[in-house]
Amino acid sequence: MTDKWDILLSGTGGQGVIKASVILAEAALIDGHNAVQSQVYGPESRGSATRAEVKISDSKILMPKVITPNLLLCMSKQAFKKYAYNIIEGGILILDGDIGVNEEPSGVEVYRKPITSIARENMGNDLYANTVALGVINKIASLVSDDAMIESLERNFSARLLVANTLAYRLGLEAV
């Protein structure tokens, strides 16, 4: 893991980026890192802009707000337009391959992965895209151990949903 991660997960309401940020922050804590999580969403929860932030560090986190992320996930075209050019140079930009953007910011590592398509085709439901995204993110950036991520999934999903979400996470790992 790098010394400090300022992570921004973005999309639209209903895609689960807030739940993904909670799971990621908890996994970081399980691994013994310092972590904070926050979220912002529009007045309508489904379909409006959604932004979730996670900071992970081995030192104290003095400010919980992510201003310039070094890792950015965009799950919608609207999120890309709003946040893609705020990422720091040398940062990591992960795009859901389904969002159809043609331009990309320069000076960053860009990964296009069909996150929503993987969820739809393998899980039968777009609602698993957030957990697929966690697998993609963690494989690319090695933020937390897989054991910590699985434990966080266990803490955040009922037994009924855990098996499917664990599979979705593993599909995200395999997609990279």
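Two strands count as paired if DSSP finds at least two bridges between them. Helices (H or I, at least four residues) and strands (E, at least two) are DSSP runs, numbered from the N terminus. This is a predicted model, so local features need pLDDT of at least 70 and side-chain atom pairs count only at pLDDT 80 or more, while totals for chains, interfaces and linings use all residues. Residues are numbered from 1 along each chain as its sequence is written, and side-chain values use heavy atoms, leaving out hydrogens and water.

**Strands.** Select residues 4–12, strand S1, and residues 49–57, strand S3. They run antiparallel and share nine bridges. Pick leucine 8: glutamate 53 in S3 stands opposite. Now colour S3 by burial. Eight of its nine residues are buried (under 20% relative accessible area; exposed is over 50%, partly exposed in between; 1.4 Å probe, protein chains only).

**Core.** A nonpolar core is a set of buried Ala, Val, Leu, Ile, Met, Phe, Trp, Tyr and Cys residues joined through side-chain atoms within 4.5 Å. The largest has 45 residues; Ile7, Ile56, Ile94, Ile115 and Leu143 touch the most other members. Select residues 129–141 next: this is helix H4, the top contributor with eight residues. Another core of 13 residues lies apart, including Ala79 and Val101.

**One side chain.** Zoom to isoleucine 137 in H4. Which residues does isoleucine 137 touch, not counting those up to four places away in sequence? Leu9, Leu71, Leu73, Ile94, Ser142 and Leu143, with contact meaning heavy atoms within 4.5 Å. Isoleucine 137 is buried, at 2% relative accessible area.
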